[in-house]
Amino acid sequence: MDGDGSGREAAVPPAAKQLQALQHKLEQRLQVALDVSTPHITYRWLAWGLVVLLYLLRVFLLKGFYIITYGLGIYNLNLVLGFLSPQIDPETEGPELPTKSDQEFKPFVRRLPEFKFWYSSVKSFLMGMVMTLFPVFDVPVFWPILLLYWIVLFAITMKRQIKHMIKYKYLPWSTGKKKYVPGEGKKASGAAGPSRAD
């Protein structure tokens with residue numbers, strides 16, 4: 001055996017090398033497709049909607065796999081919370097967002113960026129669709145109870161999140177930098193100007 005490890009490479013069967021090469025090539029193509037899709041937010045979310053619709057249609061037609069759907073609902077609710085939450089939590093790490101008009105503007109930075117939110121959600125629904133191919137995952141449950149429990153969980157979680165947003169005065173989206181509007185600043189100074197001249 002050589003010290004450079006070439007002896008170990010010879011021990012790998014050619015079929016395994018080809019499989020690794022194919023896997024690497026597919027991973028590269030997926031990454032290129034994801035990179036190309038990054039700026040096309042609307043089309044990505046339309047594709048997400050199509051995947052969710054196909055999954056729900058499959059569950060409806062099979063009349064089963066409700067426990068997987070419930071798990072997907074909980075997982076995606078967790079993703080939504082990450083998407084709506086700031087990266088730095090004001091409760092634990094102090095108020096980082098400006099609370100007065102004279103403080104510096106700091107844009108809202110999400111704990112879970114939009115692309116990762118979309119990608120994780122799509123992966124979860126695709127994984128759920130694959131799981132519906134195996135009857136072992138079709139656990140018999142009374143689905144109205146699961147649906148009611150998920151709705152209650154969603155309502156309580158969103159109520160808490162909205163209270164948090166109101167308490168720390170942040171919005172989970174950024175409207176961008178404020179733009180200068182000609183004449184907007186003159187209205188305030190124009191009202192004070194004539195009174196000084198009199």
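## Faces of helix 3

T42, Y43, L46, L53, F60 and L61 of helix 3 are exposed (over 50% relative accessible area; buried is under 20%, partly exposed in between, with a 1.4 Å probe and protein chains only). On the other side, the buried residues are R44, V51, V52, Y55 and V59.

Just after helix 3, K63 has a positive phi of about 50 degrees.

The buried residues of helix 6 are E114, F117, W118, S120, S121, V122, S124, F125 and G128. Helix 2, helix 3 and helix 4 are among what covers them.

The axes of helix 4 and helix 6 come within 10 Å and cross at roughly 175 degrees (lines fitted to C-alpha atoms over the stretch in contact, angles from 0 to 180 degrees between N-to-C directions). That makes helix 4 roughly antiparallel to helix 6, a label for angles over 145 degrees. Residues making the contact include L72, Y75 and L79 of helix 4 and F117, S121 and F125 of helix 6.

## Basis

The model is predicted: local features need pLDDT of at least 70, side-chain atom pairs count only at pLDDT 80 or more, and totals for chains, interfaces and linings use all residues. Residues are numbered from 1 along each chain as its sequence is written, and side-chain values use heavy atoms, leaving out hydrogens and water. Helices are DSSP runs (H or I, at least four residues), numbered from the N terminus.

How values were computed
Helix = DSSP H or I, 4+ residues; strand = E, 2+ residues; numbered from the N terminus. Contact = heavy atoms within 4.5 Å. Parallel < 35°, antiparallel > 145°, perpendicular 65-115°, else oblique.
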